[in-house]
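Subject: Structure handover

Hi,

Here is the structure we spoke about. Please open it alongside this note; the findings follow below.

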Amino acid sequence: MTGGRVSLDTREVLRGVDLTVEPGEVVAVLGPNGSGKSTLVRSLLGLVPLTAGSVELYGVPPRRFRDWKRVGYVPQRLTAGGGVPATIREVVASGRIARQKRLRPASAADRAAVDRALRAVSLADRAGDPVHALSGGQQQRVLIARALAGEPDVYVMDEPTAGVDAATQQALAGTLRTLAAEGRTVVLVAHELGPLASVITRAVVVTDGLITQDGPPSIAAAVQEHCHPHADEDVRVPLSGWKPTP
Ligand SMILES: Nc1ncnc2c1ncn2[C@@H]1O[C@H](COP(=O)(O)OP(=O)(O)OP(=O)(O)O)[C@@H](O)[C@H]1O
């Protein structure tokens with residue numbers, strides 16, 4: 001993003017942001033409530049239009065970008081398919097869509113990737129359950145699995161650990177470590193990094209629509225005075241995390 005500006009409802013929410021993410025980086029986007037973190041990552045993906053400036057994904061503006069299988073997005077909340085009953089497996093399998101040929105049934109590779117993603121978030125035994133019955137933290141795990149299932153090169157995650165129990169946060173840290181070791185790129189918005197602090201390679205701080213700090217992970221420690229994992233979800237199964245591509 002170069003000189004990125006975004007206005008929502010007449011208010012300027014991003015006020016001139018320059019951000020370049022290189023392959024293999026694990027970037028945490030930090031900052032206070034309402035500072036513009038979500039708007040920043042959403043506009044990087046073309047989900048929110050810029051009012052000025054430009055964004056390129058692999059050198060192409062989002063509206064002309066066609067290689068969406070390279071990008072996995074974990075939104076803050078499960079909204080897609082709202083009201084339509086869907087199982088955990090169906091939502092996770094939708095992460096394969098950008099990889100599939102139109103109107104072709106799921107291949108063995110599709111099914112294997114979905115199974116692997118379900119195992120990584122320890123939801124394999126609940127794959128047939130409806131997603132709307134899940135807690136917020138469990139829905140977050142489904143959204144993470146959906147992105148994993150697509151096996152993208154870049155993961156953009158908006159508060160992936162919000163409302164998620166400590167064990168899942170640990171598993172996600174392990175997952176991100178594996179992805180980073182494979183050379184994947186991660187941009188994640190976080191309020192509290194918790195166990196993810198040890199995985200990031202760079203921290204960016206957004207304050208009032210501007211990037212006010214951009215540098216090594218040590219910045220994050222200084223910004224985050226209160227680092228305590230959420231514990232609103234009861235986890236009884238060991239979490240395995242994402243295994244390297246076989
Ligand atoms: N659709 C919208 N219309 C108007 N204002 C919006 C809209 N979406 C977000 N905002 C405002 O833009 C500002 C930035 O929001 P954004 O969600 O990007 O911040 P954030 O840093 O991600 O916050 P949080 O940590 O609470 O998720 C906030 O003041 C928010 O109220």
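Two strands pair if DSSP finds at least two bridges between them. Keep that in mind for the sheet. Note too that this is a predicted model.

**The sheet**

The sheet is open and has six strands, in the order E5-E6-E7-E3-E8-E9, with mixed pairing. Strand E5 (71-74) and strand E9 (210-215) are at the edges. Each has a single partner strand, so one side of each lacks a neighbour in the sheet. From one strand to the next, the twist averages 15°.

E5 and strand E6 (residues 154-158) run parallel and are joined by four bridges. Glycine 72 sits opposite tyrosine 155 in E6.

**Helices on the sheet**

Helix H4 (residues 136-149) lies across E5 and E6. Its direction is at about 175° to E5. Helix H5 (residues 166-181) lies across strand E3 (26-30), E6 and strand E7 (185-189). H5 runs at about 145° to E7.

**The ligand**

Which residues surround the ligand? They are Leu8, Asp9, Arg11, Val13, Gly31, Asn33, Gly34, Ser35, Gly36, Lys37, Ser38 and Thr39. Strand E2 (11-17) and helix H1 (37-44) are the elements that give two or more residues to this shell. H1 supplies the largest share, three residues. By type, the shell has two nonpolar, seven polar and three charged residues.

Best wishes

Definitions and conventions. Residues numbered from 1 in each chain as written. Predicted model: local features only at pLDDT ≥ 70, side-chain atom pairs only at ≥ 80, totals over all residues. Near = placed C-beta within 6 Å. Nonpolar A, V, L, I, M, F, W, Y, C, P; charged D, E, K, R; others polar. Axes fitted to C-alpha atoms, helices over the stretch in contact; angles between N-to-C directions. Contact = placed C-beta atoms within 7 Å.
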